[in-house]
Amino acid sequence: MSSDIASDPWFGLDPFQRNGALRDDPYPALNRVREEHPVHRTPLGDYRLFRHADVVRLLRDTKVGMRTTDGKLPGVDETIAPRRFMLQQDPPNHTRLRRLVSKGFTPPAIERLRPHVQALVDQLLDQALERATSSAAVELDVIADLARPLPATVICQMLGVPLRDRELFTDWTAQVTHLLVPRFLTEEQLQRSFGAATQLWAYMSSLVETRRKTLGDDLLSVLIRAEEAGDRLSHDELIVHGIGLLVAGFETTIGLIGNGVRQLLLHPDELAKLRARPELIVPAVEECLRFDGPIPGTQRVLHEPAEFGGIQLPINSPINVSIAAAHRDPRVFPEPDRFVIERDHSAHLAFGGGIHFCLGAHLARLEAQIAIGTLVRRAPELELASARIEWGESLFRIQARLPVRAPGMLRSV
Ligand code: HEM
């Protein structure tokens, strides 16, 4: 280990420094910290966990919350803007919100979207094909042509948000993700994120007002109607969860499709296996989630003192868990730095764990399986047009552009 890193209280993983080589490939640094300093306290006073076993024990088997035991969100001043999204609540409030919102989000309701998602993917790829001057010269930006419009369209249609407003959200939602960890923001980033949140709030508020007058069968109408033992979502809760689902539905899925296509193109042997056996798209997407998933970590607050890695952590300690480091833990995933579609993925943590396990996991998987599976099937000679990675504005691992060449891309049938 270099002396620079030994004297660095962040061990080379400073969340304020999000650019450069570390962002392109954080895994060597994550692997090193997981092996050498698997549990440590950061200069901000919170703790970080890197080993898979520790992350799982914290998320599933330890008394934790999102807030301190007296209800405070670490590092957040709620007198400026109270946080009402379910991900920032503890039971019983979380239980109540999740139960109400889940009503619009059942697995059969998501599964019914399958033919629609397939048609949308084919239509998006046809549009890219039509732009090409010849079949030998098909070029596309996987993000702009597929990974962004697909989840954007699907979540807008689910929520009943007019499609023409889709572009508005792309920047707003990317900015709003930063508010999940305001402690790591500069003042300028914080102001931009609050600005975007205000715009989204005004937009969603007027949409809820309109929808109340004419309820339909969209998700927002389902949320307006949702009732459980005489309980309903308040007006503000409706807006917050409309925005929350929009952000969650847009952002993360772009990252999964974009990073997934990139990794498959960087691993031609694995891509060839997938082309030969299209049913491997199911484990392929799980490997994309494990190997370079869009959300590298999550957080909790300890609701009881606990010991991790021989260190005593006091009650109410905020804890950041590194999902990305846990996914490269050789104690759980053999040869973890190899991208291998056919491996046991059952232990991956890309959708978090415990009571906050991602509500949209089924939708995200459905969209990614269809988008990536169709792209590699229709574009038999797909290749990266640039080795450079261009990251987007989001807090998460989401590329801004992914230019590829797709000579001989097939039309939809
Ligand atoms: C690849 C795509 C996605 C990934 C990797 C992802 C990942 C995550 C993660 C890591 C969490 C936090 C879990 C925890 O801390 O234990 C989460 C929560 C959540 N996600 Fe996703 N997500 C994705 C897509 C979606 C989609 C498409 C939606 C809905 C439209 C969605 C809705 C939610 C909601 C509502 C929560 C909060 C759940 C709760 O607090 O109970 N996610 N997601």
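This is a predicted model: local features need pLDDT of at least 70, side-chain atom pairs count only at pLDDT 80 or more; totals for chains, interfaces and linings use all residues.

**Loop residues with particular backbone geometry**

Glu335 is found in the loop that connects α16 (323-326) and α17. The phi angle of Glu335 is near 45°, a positive value in a residue that is not glycine. Glu335 has 9 other C-beta atoms within 10 Å, and it is therefore exposed, the limit for that class being 12 or fewer.

Asn316 also has a positive phi although it is not a glycine, with a value near 70°. Its place is the loop between β7 (311-313) and β8 (318-322). With 17 other C-beta atoms within 10 Å, Asn316 is classed as partly exposed.

A further backbone feature involves two prolines. The peptide bond between Pro91 and Pro92 is cis, with omega at about 5°. Pro92 belongs to the loop between β3 (64-65) and α5 (93-102).

**The shell around the ligand**

The ligand is surrounded by 28 residues, of which Gly249, Thr252, Gly352, Cys358 and Gly360 are the closest. Two elements, α13 (235-266) and α17 (361-378), each give two or more residues to this shell. Which element gives the most to the shell around the ligand? That element is α13, with seven residues. Sorted by class, the shell holds 16 nonpolar residues, 11 polar residues and one charged residue.

**Helix packing**

Two packed helices are described by the angle between their axes and the distance between the axes.

| Helix pair | Angle between axes | Distance between axes |
|---|---|---|
| α10 (166-176) and α13 | roughly 100° | within 9 Å |
| α13 and α15 (281-292) | about 95° | 9 Å |
| α15 and α17 | about 110° | 9 Å |

For the pair of α10 and α13, the axes cross at roughly 100°. This angle makes α10 roughly perpendicular to α13. On the α10 side the contact consists of Phe169, Thr173, Ala174 and Val176, and on the α13 side of Leu246, Val247, Phe250 and Glu251. Six of the residues in this contact are nonpolar, one is polar and one is charged.

Helix α13 also packs against α15, at an angle of about 95°. The two helices are therefore roughly perpendicular to each other. In this contact, Leu256, Asn259, Gly260 and Gln263 of α13 meet Val285, Cys288, Leu289, Phe291 and Asp292 of α15. Its residues comprise five nonpolar, three polar and one charged.

Helix α15 packs in turn against α17, at about 110°. That angle makes α15 roughly perpendicular to α17, because values from 65 to 115 degrees fall in this class. Here α15 supplies Ile281, Val282, Ala284 and Val285, while α17 supplies Arg365, Ala368, Gln369, Ile372 and Gly373. The contact of α15 with α17 has six nonpolar residues, two polar residues and one charged residue.

**Arg397**

Arg397 is located in the loop between β10 (390-391) and β11 (399-401). Is this residue buried or exposed? Arg397 has 22 C-beta neighbours inside 10 Å and therefore counts as buried, for which 20 or more are needed. Leaving aside residues up to four places away in sequence, Arg397 touches Gly255, Asn259, Asp292, Pro294 and Pro296.

**The chain as a whole**

The secondary structure of the protein chain consists of 17 helices and 12 strands. Its radius of gyration is 21 Å, close to the 22 Å given by the globule rule for 413 residues, so the chain is as compact as a globular protein of that length. The C-alpha trace spans about 65 × 60 × 40 Å along its principal axes. Of the 413 residues, 41% are buried. Among contacts with a separation of 6 or more, 71% are between residues 24 or more positions apart.

Key
Residues are numbered from 1 along each chain as its sequence is written. A residue is near a molecule or strand if its C-beta atom, placed from the backbone, lies within 6 Å of it. Helices (H or I, at least four residues) and strands (E, at least two) are DSSP runs, numbered from the N terminus. Ala, Val, Leu, Ile, Met, Phe, Trp, Tyr, Cys and Pro count as nonpolar, Asp, Glu, Lys and Arg as charged, and the others, Gly among them, as polar. Axes are lines fitted to C-alpha atoms, for helices over the stretch in contact, and angles run from 0 to 180 degrees between N-to-C directions. Angles under 35 degrees count as roughly parallel, over 145 as roughly antiparallel, 65 to 115 as roughly perpendicular and the rest as oblique. Two residues are in contact if their C-beta atoms, placed from the backbone, lie within 7 Å. The radius of gyration is taken over C-alpha atoms; the globule rule is 2.2 Å times the number of residues to the power 0.38.
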